[in-house]
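Subject: Structure for you to look at

Hello,

Here is the structure I said I would pass on. Please open it beside this email as you read.

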Amino acid sequence: MPPDQQRRYGTGALIGAGVAGVLGGVLLDEAFSDDRPEVVVNNYYEDDDDGFF
């Protein structure tokens with residue numbers, strides 16, 4: 001490419017790059033969000049007759 005020519009990007013390329021950036025941001029936000037429910041495990045067995053409960 002000669003040095004006096006400028007590279008021009010089409011509108012579709014710019015829109016595609018913007019959409020890719022937004023989707024990447026959404027995926028990163030979802031990956032780093034801590035919205036998992038807290039799970040508590042109770043190990044209680046009904047037939048356990050050791051008199052503890």
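Below is what was found in it.

This is a predicted model, in which local features need pLDDT of at least 70 and side-chain atom pairs count only at pLDDT 80 or more, while totals for chains, interfaces and linings use all residues. Residues are numbered from 1 along each chain as its sequence is written, and side-chain values use heavy atoms, with hydrogens and water left out.

Helix 1 has 22 residues and spans 32 Å from first C-alpha to last, close to the expected 32 Å, which is 1.5 Å times one less than its number of residues.

Of the protein's 53 residues, 0% count as buried, meaning under 20% relative accessible area with a 1.4 Å probe and protein chains only; over 50% is exposed, and in between is partly exposed. In helix 1, the count of buried residues is 0. Ile-15 lies in this helix, residues 11-32, and counts as exposed because its relative accessibility is 53%.

Regards

Terms used:
Helices (H or I, at least four residues) and strands (E, at least two) are DSSP runs, numbered from the N terminus.
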